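Please look over the sequence and the model together before reading on. The briefing below is meant to be read with both in view.

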Amino acid sequence: MEFYQVEETNVLRVVIRWIVDVVVMICLAWFAIYSFGTQVRIVGQSMTPNLRGDDVVLMDRLSYDFGEPERFDIVVFEREDHKSNVKRIIGMPGETVQILSGYIYINGKYLEADNDLNQVSLVGLAGSPIVLGEDEYFLLGDNRDGSEDSRFANIGNVKREQIQGKIWLRLAPFLDFGVVE
């Protein structure tokens with residue numbers, strides 16, 4: 001009779017370990033996907049040439065849970081109409097942004113940027129100085145002539161709470177697979 005009790009105890013331990021392992025793996029998978037692997041499909045051409053319509057990218061939520069967005073990060077944010085959008089951070093909280101003669105100025109100083117990310121032909125609201133609040137960002141699409149972004153009243157300055165995460169990896173098309181900068 002003791003033999004059966006020992007056998008039942010061992011089987012119970014194995015089953016409990018198996019259940020705990022499965023639960024831990026599910027939790028780790030959820031954490032990884034939520035933190036680093038939220039898929040986002042790019043809609044439209046506002047981020048060309050870096051991202052094109054129908055590109056599939058991954059968004060990292062975790063980096064902004066523990067840190068703050070930085071200038072030139074490509075972010076996903078929720079608009080006032082609850083649609084998600086992808087744009088690049090240009091102006092940081094507390095700064096003054098203005099577009100003069102086709103160039104971006106931050107606090108009165110010319111913005112040094114790679115890949116002509118500092119040139120703008122359509123100034124919108126940024127023709128006059130825009131002072132960002134302590135929790136506001138100024139976002140632009142990389143395709144400056146074909147982007148609805150912070151230059152326009154229907155988007156405007158984006159609050160920190162609207163920013164969902166940072167784009168970090170392109171999955172599709174497969175030929176363009178890689179880290180997004």
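What follows covers model confidence, strand pairing, charged side chains and aromatic rings.

This is a predicted model, in which local features need pLDDT of at least 70 and side-chain atom pairs count only at pLDDT 80 or more, whereas totals for chains, interfaces and linings use all residues. Residues are numbered from 1 along each chain as its sequence is written, and side-chain values use heavy atoms, with hydrogens and water left out.

**Confidence**

- The protein chain has a mean pLDDT of 85, and 91% of its residues reach 70 or more; pLDDT is the predictor's confidence in each residue, on a scale from 0 to 100.

- An open sheet is formed by 4 strands in the order β7-β6-β5-β8, with antiparallel pairing; two strands pair if DSSP finds at least two bridges between them.
- The edges are taken by β7 (109-110) and β8 (130-131), each of which has a single partner strand, so one side of each is left without a neighbour in the sheet.
- Strand β6 (residues 103-106) pairs with β7 in the antiparallel sense over 2 bridges, and Y105 stands opposite Y110 in β7.

**Strand β4 and its partners**

- Strand β4 (residues 84-91) is mostly covered, since 7 of its 8 residues are buried; here buried means under 20% relative accessible area, exposed means over 50%, and partly exposed lies in between, computed with a 1.4 Å probe on protein chains only.
- The pairing of β3 with β4 is antiparallel and runs over 5 bridges, and I74 stands opposite R88 in β4.
- The hairpin of β3 and β4 has 5 residues between the strands, and in this hairpin H82 takes a positive phi near 70°.
- β4 also pairs with β9, in the antiparallel sense and over 3 bridges, with R88 standing opposite L140 in β9.

**Salt bridges**

- The structure holds 11 salt bridges, a salt bridge being a side-chain nitrogen of Lys or Arg within 4 Å of a carboxyl oxygen of Asp or Glu.
- One of them joins the side chains of K166 and D73 at 3.7 Å, N to O; K166 lies in strand β11 (residues 163-172) and D73 in the loop between α2 (62-66) and β3 (74-78), so the pair ties together parts that are 93 residues apart in sequence.
- Within that pair, K166 counts as partly exposed at 29% relative accessibility, whereas D73 counts as buried at 9%.
- D81 forms a salt bridge with R79, their closest N and O atoms being 2.8 Å apart; D81 is partly exposed, with a relative accessible area of 38%, while R79 counts as buried at 18%.
- A network of salt bridges links R79, D81 and E148.
- R151 and D149 form another salt bridge, with the closest N and O atoms 2.8 Å apart; R151 is buried with a relative accessible area of 1%, and D149 counts as buried at 0%.

- D60 is found in strand β2 (residues 56-60) and is buried yet has no salt bridge, the nearest side chain of opposite charge being K166, 6.6 Å away; for charge, Lys and Arg count as positive and Asp and Glu as negative, while His and the chain ends are not counted.
- The side chain of D60 does reach the backbone nitrogen of L62, at 2.9 Å.

**Aromatic rings**

- The count comes to 3 aromatic pairs; rings of Phe, Tyr and Trp (its six-membered ring) pair if their centres lie within 6.5 Å, and planes under 30 degrees apart count as stacked, over 60 as edge-to-face and the rest as tilted.
- F174 and F177 form a tilted pair, at 6.3 Å centre to centre with 35° between the planes; F174 counts as exposed at 68% relative accessibility and F177 as partly exposed at 47%.
- Y103, Y105 and Y110 are linked into a cluster by ring pairs, and Y105 is the residue that stands opposite Y110 in β7.

Terms used
Polar contact = N/O pair within 3.5 Å; in protein donor to acceptor, adjacent residues only side chain to side chain.
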